[in-house]
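Subject: Structure handover

Hello,

Please find the structure below. My notes on it follow.

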Amino acid sequence: MTPLGFGLDFSQLATRDGMVALDRLFVERLAASDGDLHLRLLAARAAPDGLDAKAESELVIALGGALEPFLAELFGIGAELDAIAAETAALDPIHACKRLFVQRQAVKKYPDPSGFNAQELAFQLLLRMGAADTMTERGFATHVLAWEKNGDADVLDIAMRYAAWATLAPAGRRAHEGGTLFRVPARVDLNNLVPVETIERDGVTMLRLPEHAPLGYHHRARDGFALTDPGMNTQQALDQMNYCIWCHSQGKDSCSKGLRDRKTGAFQKSTFGVTLAGCPLDEKISEMHALRAQGHLLGAFATIAVDNPMMAATGHRICNDCMKSCIFQKQEPVDIPQAETHILRDVLALPWGVEIYYLLVRWNPLNIRRPLPASDSGRKVLVVGLGPAGFTLAHHLMNDGHTVVAVDGLKIEPLGIDAGAPVRDAATLFENLDDRVMAGFGGVAEYGITVRWNKNYLKLVRLLLERREQFALFGGVRFGGGATLSIDDAWAMGFDHIALCMGAGRPTVIDMPGGLARGVRQASDFLMTLQLTGAAKMSSVANLQIRMPIVVIGGGLTAIDTATESLAYYVRQVEKFALRFGVLVAERGEAAVRRGWSEEEAEIAAEFLAHAAAVAAERASAAREGRAAQFAPLLECWGGATLAYRRRLLDAPSYTLNHEEVAKAMEEGVRFAEGLTPLAVETDRHGHAAGLRVKRFDGSEAVLPARAVIVAAGTQPNTVLAREDRRIRLDGRYFEAIDPSGARVEPQRALSKPDRADVLMHKDGERFISFFGDLHPSFFGNVVKAMGGAKRGYPVVSNILAAHAPTPIPGRELIAACRAALTATVHAVHRLTPTIVEVVLHAPAAARAFRPGQFYRLQNFETRALRLVEAGIGETVLGMEGLAMTGAWTDPEAGLVSVIVLEMGGSSDLCAVLPLGEPVVLMGPTGTATEIHADTTVALVGGGLGNAVLFSIGAATRAAGSKVVYFAGYKALRDRYRVKEIERAADVIVWCCDEAPGFAPERCWRS
Ligand SMILES: Cc1cc2nc3c(=O)[nH]c(=O)nc-3n(C[C@H](O)[C@H](O)[C@H](O)COP(=O)(O)OP(=O)(O)OC[C@H]3O[C@@H](n4cnc5c(N)ncnc54)[C@H](O)[C@@H]3O)c2cc1C
Ligand code: SF4
């Protein structure tokens, strides 16, 4: 084990006892180095609520400073931290010069620098700076501060003119683009947060980024799914932290606490009606800025970790509630998310950065209320859903001493590394987003939010949880009535509490003619398929077809992300198609490849091949000319992607909540069409979408050409549990909330900081169910609100748990029992016909819960899938899409489930080669079970593969005392399979077959 400072090692830091020892050491050292601070810390820990906000801020900042050298010694990173402090100090002149010279003097004295000769001014300045200097911002700032000290008036005037030109003149701003010294905060014009120009296309008025994009905006060349936004550099991030005026000292840090109305004390609302409640996590933003600006990177990081331990899931391109409430309301707010993400990035770049993170989310001396995790409480909580609410709640519950088992319906890939092994270099955990395995952990943060954000951070969050002994997670497990795990199952297993963090994934469907045509899909379905099947990767065989032009219905963030990702995916899709087509043609000849295609398929293939050729030509030109390939003009000429929104851009939630995302999407070529209400999807002669008929503001109609219509009309909370389990009550769209006595309460709606966190929703004797995140009427809406709800709600759960004795089963045993019940492996694979395969799975909970008529989703793990390497194609990962599979039969005693697969494409073909013992995902059972009638006669009619669903229905119907007349139809004689199962399911069977001579009857009528 790698030794650490103070004679400790990583294995000790992994335990509570080790952290207690570390805390003692810290406190002792503090006593020796700063007696006063030591006493303040002890007093604060003894009575945390005795401190007012200002005193707590001061204590946090002082402790942040003291923690830095302690951690430097513990992890042996003194030199690295010194270098960061030195770099910070070296940039100080820029911030000082900007504030004192550029903003306060230069732009005021010379508000119109249009006549200045910048070259001459620069030349004069360089002469005075000395030959060795070039016109860097740091050089300029250092010299100006020195000249000011010396009172060098004539050169200061030259510098002032230059500064005015660089700050105000368009040429000066262009020359210093990316710098910070000459970039002063602009006034905010709420009606023009996104620069747009108006165009007419297909008879519809649309908005797009102007052809000549204004400064700060760029038509960006997107190619694939690598991270599209690396974030600010150090100088830019520190510029923001120095722009912040550290309002905590006056208690005015509205970014954290919210902007309150002076008279009523209520939160103010923005012009767009957005409540300005500040950071839902109450993150100590001002204190973090102050510490980092003073060079204390780890102090700043520890400050964030007090309130936002799962900070890897927040920050740049994720949240901005804090920015919206910044004290600067009339000018650009401080870019807090950029600052926060930069701090995280810098810490991760340190040797042992991941370990520092892991330590500070458990032991954190800046956290005066809970500096250390509590000892084992004996309580066990089932957390359902591993999105932002679920993973944040799981963390806090563990720090309160509880065992947590988390389940999610999505496939969650194995972590692929030894979770317990110390990580020296965080980069070893990270993958290029273009090749990254979509791990399935993180809810919408994984399958919805796109590559604008570094999704590798989800692996970090997962590691913070999976390292802990009192935690286990299981993917592919659906919770609900009649699902893999029900409320009663959880109680029977010994859980003390169930916390529902199931999000709001139920899409709002627009009921319009043609709404079910091919080419029309739900945005969440598109994004989920794109992200979770790996369809976007060259190595994947997953199938996701999209055609151009694309019209996305909606004006929210989901619509925005769908538009950008569909454009990026289209290029990848046609390239993949052409590549595999080429290889198949070389192998089998073109006629053989085309033989099985319908007329429509041939048309689509021609479209894809032509577009792939254009993409290849552009790649070749770009390579020849040494530039990035530009696909936007091609996509535009094939129809591009248009957002069709029923109201104005200014009313769109993406604009009012997160206008930056609108601008970024427009940089990728997305257009926005206002005032369009969808009326119908028009189809071509094959029944595929061809256009979207819309009604304009003025009542007139138009048809937008659309081969893909993607609906992003909002989503609903996942309350299907109330339908499946009649004990669960609804209150409108949400579950009904209750208080600890079980009486109904009404949570404050849409307020991330309610006076009280009403997170309880159902009481079963002494045990409770709670709800969080997008599922909750207070905390829905975005990632950080979901996380904030978990932070506010976990004390409620802990209090409820403390009121009753825990169930007798120890946490470890419960985790082992869950592992045995909730994991699925391949038990047997039987070929039934030339195109039908039966897969039998060992999946005890899934087998036990099955009711006739329900189905499962079967999928292998991408990380474990076989890989083929072929000439001309490279690597192909034999990973499956989730296959919806009817349960044919189950054997609950043996824990077995049988599913029947018709081989009809890439994923289903892989079932036959699933190795025995292979861990897989078998999500379900799901879907409504078939009603089984007693004492009557029931006709069952099945064709080919479809017979599989009837096996269990027939058997159950007969068991209920009814008679079954079964019509079993087949195209060919060889298509018949599992005859014995059908016989068991029926009293009378009518065998039908298109192929002569048909089947001979083998059984007589049994009355
Ligand atoms: C495309 C898109 C882009 C977005 N962009 C942003 C953004 O930039 N910033 C931002 O702050 N917010 C964004 N959001 C919103 C944000 O992602 C959500 O508000 C947030 O993820 C809610 O977190 P949650 O934990 O409540 O739920 P979710 O993230 O939805 O997680 C719920 C989890 O529960 C699981 N689950 C559901 N039902 C069951 C069941 N019965 N059994 C087992 N598991 C179940 C689901 O599989 C899922 O993993 C975006 C949303 C979308 C769709
Ligand atoms: S971010 Fe804005 S509100 Fe927050 S402390 Fe800084 S200036 Fe004040």
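Accessibility classes first: a residue is buried when its relative accessible area is under 20%, exposed when over 50%, and partly exposed in between, with a 1.4 Å probe and only protein chains counted. This is a predicted model, in which local features need pLDDT of at least 70 and side-chain atom pairs count only at pLDDT 80 or more, while totals for chains, interfaces and linings use all residues. Residues are numbered from 1 along each chain as its sequence is written, chains are lettered from A and ligands numbered from 1 in the order in which they are written, and side-chain values use heavy atoms, with hydrogens and water left out.

Most residues other than glycine have a negative phi, and most peptide bonds are trans. Ala 750 is not a glycine, yet has a positive phi of about 50°. Its place is the loop between strand S20 (744–745) and strand S21 (760–764); strands here are DSSP runs of E with at least two residues, helices are runs of H or I with at least four, and both are numbered from the N terminus. Ala 750 counts as partly exposed because its relative accessibility is 45%.

Asp 935, also not a glycine, has a positive phi of about 50°. This residue sits in the loop between S30 and strand S31 (937–943). With a relative accessible area of 67%, Asp 935 is exposed.

There are cis peptide bonds to report as well. The bond from Met 548 to Pro 549 is cis, with omega near -5°, and Pro 549 belongs to the loop between helix H21 (523–532) and strand S9 (550–553). The bond from Gly 924 to Pro 925 is cis too, with omega near 10°; Pro 925 is part of strand S30 (residues 919–926).

Ligand 1

Around ligand 1 there are 33 residues, of which Ile 318, Asp 408, Arg 452, Asp 774 and Val 783 come nearest. A residue is taken as near if one of its heavy atoms lies within 4 Å of the molecule or strand. By class, this shell has 16 nonpolar, 11 polar and 6 charged residues. Nonpolar covers Ala, Val, Leu, Ile, Met, Phe, Trp, Tyr, Cys and Pro, charged covers Asp, Glu, Lys and Arg, and the others, Gly among them, are polar.

Nitrogen atoms of ligand 1 lie 2.7 Å from a polar backbone atom of Ile 318 and 3.0 Å from one of Gly 409. An oxygen atom of ligand 1 is 2.8 Å from a polar backbone atom of Val 444. On its own, ligand 1 has 990 Å² of accessible area, and the protein covers 91% of that (Shrake-Rupley method, 1.4 Å probe). Helix H17 (388–399), helix H22 (557–588) and helix H28 (783–802) are the elements that give two or more residues to the shell. H22 supplies the largest share, 3 residues.

Ligand 2

The residues surrounding ligand 2 include Cys 244, Cys 247, Cys 255 and Cys 326. Its shell has 9 nonpolar, 2 polar and no charged residues.

Helix H6

In H6, Ala 118, Leu 121, Ala 122, Leu 125 and Met 129 are buried. Seen down the helix axis, the buried residues of H6 fall within an arc of 95°, so they line one face (the arc is that of the directions from the axis to the C-beta atoms). The face turned away from that buried side carries the exposed residues Gln 119 and Leu 127.

Regards

Key
Polar contact = N/O pair within 3.5 Å; in protein donor to acceptor, adjacent residues only side chain to side chain.
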